[in-house]
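Let us walk through this model from its overall layout down to single contacts. Keep the structure in view as you read.

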Amino acid sequence: MTASSLPGFRDSYPEDFVLRRHIFSGWREVARRYGFVEYDGPPLEALELYTAKSGAEIVGQLYSFVDRGDREVALRPEMTPTLARMVGARAQGLPKPIKWFSIPQLFRYERPQRGRLREHFQLNVDIVGETDVMADAELVAAAVDVLRYFGLGADDFVARVSDRRLITLILEEIGVPSGQVLEAISVLDRSERQGDEWLAERLSELGLGEAGVRRVLAVREHSLEDLSNEYGGSSGVSEAIQRLDAFFELIDHQGLAEFVVFDPRLVRGLAYYTGLVFELWEKSGRLRAICGGGRYDDLLAALGGPDLPALGFGLGDVVLGELLKEKGLVPRDSARIDDFIVCVTPEQRPAAIALVRRLREKGRSVGLDYRGRSVGRQFRAADQAGAARAIVIGPDEQRDGTASVRDMSTGDERSIGVEELLAELTAPDSAGNGA
RNA sequence: GUGGGCGUAGCUCAGUCGGUUAGAGCGCCAGGUUGUGGCCCUGGAGGUCGCGGGUUCGAAUCCCGUCGCUCACCCCA
């Protein structure tokens with residue numbers, strides 16, 4: 001073997017494509033049901049597109065180089081800057097809300113580990129130009145429905161939802177200095193892994209007194225109602241809570257209540273979120289985030305795009321694929337070709353080839369032996385090719401203008417006139433395998 | 001970035017107190033006398049034992065380095 005694939009990059013063999021095709025078609029199907037339309041941009045962009053506005057984290061993991069024209073370029077690590085540019089170019093003329101989705105291959109130079117490579121495909125779904133909470137509910141519902149499409153249920157995953165603005169206001173109310181709010185949020189984000197002592201220490205470093213620390217930690221346990229009772233006096237807080245209440249009501253109307261919970265601990269790493277934030281988490285086994293997103297009303301303008309409110313989520317193929325494999329939700333590779341023509345003696349080759357041609361023109365997927373092997377071997381080849389039917393043309397069939405059609409799964413065989421066989425097939429469209 | 005485990009055929013692995021041409025199962029290819037696949041039988045191809053260096057009469061086996069995979073941490077989609 002001369003060389004293996006680069007670390008963090010995958011070779012996708014035909015059997016791997018069974019899973020990838022399944023994932024992509026599920027993504028496209030759910031996006032379609034929600035009325036999103038697909039777009040794409042270049043995988044290679046000007047380095048500047050990311051260094052200017054993206055977070056330091058992303059910039060530090062860029063795959064970048066200088067091209068032959070001395071341009072500094074980078075493989076895209078995320079889709080949002082491209083979206084901002086593309087929407088920006090046409091924003092004026094597009095009816096709002098703009099509902100777009102894409103399945104970009106994204107690249108990040110980081111240490112590969114389970115569920116995290118240097119390259120992956122990510123479903124990106126975005127709504128641009130809509131402030132109404134209905135958009136937030138649609139977005140989360142779409143993400144939930146993507147997982148449900150693959151057969152995952154409420155036992156398998158949950159959507160955790162919070163509101164960045166709400167948490168920010170509450171923390172400020174408690175007395176976290178406004179410049180330190182993001183810092184405090186990221187401390188709360190460690191709740192899963194760090195003990196309360198550690199958290200309390202970090203929080204007091206931010207200038208909080210003992211009582212303040214206790215109140216901040218208590219926020220994690222509060223329900224929306226608790227938060228309303230305790231902090232609802234602030235108009236900003238009560239407004240944010242009303243919005244979340246409306247959100248959950250909309251989720252409930254969709255019958256998705258069991259999939260979505262309020263969780264004030266959720267904050268998400270990225271700094272640009274301005275409102276609702278959510279993540280989809282695997283419930284069983286070790287917890288893993290499958291998908292994340294939220295509202296980023298100021299980001300498009302910050303990226304040099306139009307000043308439009310927006311929200312979106314990203315959902316990668318790697319973790320989802322592993323999850324589906326673990327749960328046994330990967331479809332079996334069904335028959336790969338429709339018909340395999342078995343030619344009994346060399347004399348039938350012209351007739352067999354002619355039949356192959358006519359079947360293909362009907363839209364059938366057709367295979368045949370290339371070198372005149374024995375009938376037994378041809379049947380084995382048909383089996384290995386995953387043929388649904390074997391169609392035998394021998395001296396008898398050739399003389400009578402018929403064919404012997406064998407169903408490879410049941411073994412049933414029947415004799416039928418060639419013209420009749422072709423007439424059974426309707427238009428090319430309906431001849432393919434219905435996925 | 002830090003630390004642990006692991007790299008032998010396409011795959012899953014056996015073989016390591018250092019000793020002749022490195023093995024198995026599965027898979028692949030070819031046959032089992034030119035009209036029927038899944039089973040079975042026979043034969044075959046395929047490995048510089050991750051790579052480089054060292055110790056030794058002799059290294060898949062011991063030592064060092066390196067690369068890769070993997071797990072945990074860090075960080076974060």
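Domain bounds here come from an automatic or database domain assignment. The model itself is predicted. For chain A, the assignment gives two stretches: domain 1 covers 14-326, and domain 2 covers 339-423. How far apart are the centres of domain 1 and domain 2? Taken over C-alpha atoms, they are separated by 54 Å.

Now turn to a pair of helices. Two packed helices are described by the angle between their axes and the distance between the axes. Helix H1 spans residues 14-33, and helix H5 spans residues 133-149. They pack at an angle of about 140°, and their axes lie 9 Å apart. H1 is therefore oblique to H5, since only angles over 145 degrees count as roughly antiparallel. The crossing of H1 and H5 is right-handed.

Which residues make this contact? H1 contributes Gly 26, Trp 27, Glu 29, Val 30 and Arg 33. H5 answers with Ala 142, Asp 145, Val 146 and Tyr 149. By class, the residues of the H1 contact with H5 comprise 5 nonpolar, 1 polar and 3 charged.

Next, the salt bridges. The count comes to 28, taking a side-chain nitrogen of Lys or Arg within 4 Å of a carboxyl oxygen of Asp or Glu. One salt bridge joins the side chains of Asp 136 and Arg 295, at 2.8 Å from N to O. Asp 136 sits in helix H5, while Arg 295 belongs to strand E11 (residues 289-295). This pair links distant parts of the chain, 159 residues apart.

How values were computed:
Residues numbered from 1 in each chain as written. Chains lettered and ligands numbered in written order. Predicted model: local features only at pLDDT ≥ 70, side-chain atom pairs only at ≥ 80, totals over all residues. Heavy atoms only, no water. Axes fitted to C-alpha atoms, helices over the stretch in contact; angles between N-to-C directions. Helix = DSSP H or I, 4+ residues; strand = E, 2+ residues; numbered from the N terminus. Parallel < 35°, antiparallel > 145°, perpendicular 65-115°, else oblique. Left-handed = near helix turned anticlockwise from the far one by under 90°. Contact = heavy atoms within 4.5 Å. Nonpolar A, V, L, I, M, F, W, Y, C, P; charged D, E, K, R; others polar.
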